[in-house]
Amino acid sequence: MADPRFFDVAGPFTAQELAEAANAALAGPAPAGLLSAVAPIDTAGPADVTFLNNRSYLPRLAECRAGLCILSPADAERAPAHLPLLVSPAPYMAYARISRRFHPPRPTSPGVHPRAVVEDGVELGSGVEVGPGAVVMAGARIGDGSIIQANAVIDRNTVIGRNCVIGAGAYVGFAILGDRVYVYTGVRIGQDGFGFASDPAIGHVRIPQVGRVVIGNDVEIGANSTIDRGAGPDTIIGDGCMIDNLVTLGHNVRLGRGCVIVAQVGISGSTVLGDFVVAGGQVGIAGHLNIGAGAQLAAKSGVITDVPARAVWGGYPAVPVRDWHRQSVTLAMLIRRRDREPK
């Protein structure tokens, strides 16, 4: 059960209420009572909801004592007779919806903390919360219900939509954010891109970065990620993108809708990702490339050419994943052959 010192818990709920929230069907015996929390399959008790989304955990069903178990129709056929079930074709999504019922977003505490700085000309919407040490500079606009946490800095004329959260110590500038954008702690949005001209005779001359960062609705940006503003065009993040911790996006990068960018990915300037691209952890993508919609890039890949839509690539340099695996097998065979040769 979530530690109540850190997490608010709603409920308890009936099984029917949770089934409606998850758009799933009850099956098996009825739960003994109300359900008050979510818990792992190994530790869940009669008042807990658990879920099964990985078939490697199937053997644990026999000993499961949860009050309700979310699982797929196929796995439901292998569930023990004593276990109340919530059957969904998408059990992980059902779990997400139920977990959000138990742990809704923290409500705002409207007002400006006495140790915050809000400059003249700032527009604060209804119910906005500005935490201690936060700075909101002149001309900024903060939408209804948004939270600016402690020591965050909102630079001048920045626009933040409704019901956004700007995490502790984050910086947001030269940016326009949509609604329900969650910026985690330590994020940097809108600083100068890495743009300069070089000449051996005179050194490096910085090029003014005069674009913005434009972020759509329902975007999450993980802790300590950095998103440079555009050099002239804007840096753009589409609706529904999920960006993990420690991600770097260079100037003029464009992400389509629903992209998933895992931790420590670096995307160089002016590269364009189509809708729903997935980049695994530590992927590096060179500049001025096009990654087609729905493409998937395996963790640690180094991408130096365009990637077609819906392709699955991996390796360094990245190639179609089948070619990558063939290269790996061929290399291993050559090494074994060499090792067998007489010295």
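A pocket here is an open set of grid points where a 1.4 Å probe fits, with protein on both sides within 12 Å along at least five of seven lines. The model is predicted.

Q: How much volume does the largest pocket have, and which residues lie nearest its centre?
A: Its volume is about 870 Å³. Of its 22 lining residues, Arg100, Pro105, Tyr182, Tyr184 and Glu220 lie nearest the centre. Helix 3 gives the most to the lining, with four residues.

Q: Why is the pair of tyrosine 92 and tyrosine 95 called stacked?
A: Ring centres must lie within 6.5 Å to pair, and planes under 30 degrees apart count as stacked. Here the centres are 6.2 Å apart and the planes are at 15°, so the pair is stacked. Both residues belong to helix 3 (residues 91–102), three residues apart, which means about one helical turn separates them. Ring pairs also bring in Phe51, making a cluster with Tyr92 and Tyr95. The whole structure holds seven aromatic pairs.

Q: What makes arginine 229 a charge over the ring of phenylalanine 174?
A: The cut-off is CZ of Arg within 6 Å of the ring centre and within 35 degrees of the ring normal. The charged end of arginine 229 is 4.0 Å from that centre and sits over the ring.

Q: Which residues touch the most other members of the largest nonpolar core?
A: They are Ile166, Ile189, Leu255 and Ile261, in a core of 52 residues. Strand 17 (175–177) and strand 22 (213–215) each give two or more residues to this core. Beyond its neighbours within four places in sequence, isoleucine 189 contacts residues including Tyr171, Val183, Val213 and Ile227.

Key:
Residues numbered from 1 in each chain as written. Predicted model: local features only at pLDDT ≥ 70, side-chain atom pairs only at ≥ 80, totals over all residues. Heavy atoms only, no water. Phe/Tyr/Trp six-rings, centres within 6.5 Å; stacked < 30°, edge-to-face > 60°. Core = buried A, V, L, I, M, F, W, Y, C linked by side-chain atoms within 4.5 Å. Buried < 20%, exposed > 50% of the residue type's maximum accessible area, 1.4 Å probe, protein only. Contact = heavy atoms within 4.5 Å. 1 Å grid on protein atoms, 1.4 Å probe; cavity = no way out; pocket = protein on both sides within 12 Å on 5 of 7 lines; lining within 4 Å. Points joined across faces, edges and corners; volume = space filled by probe spheres on them.
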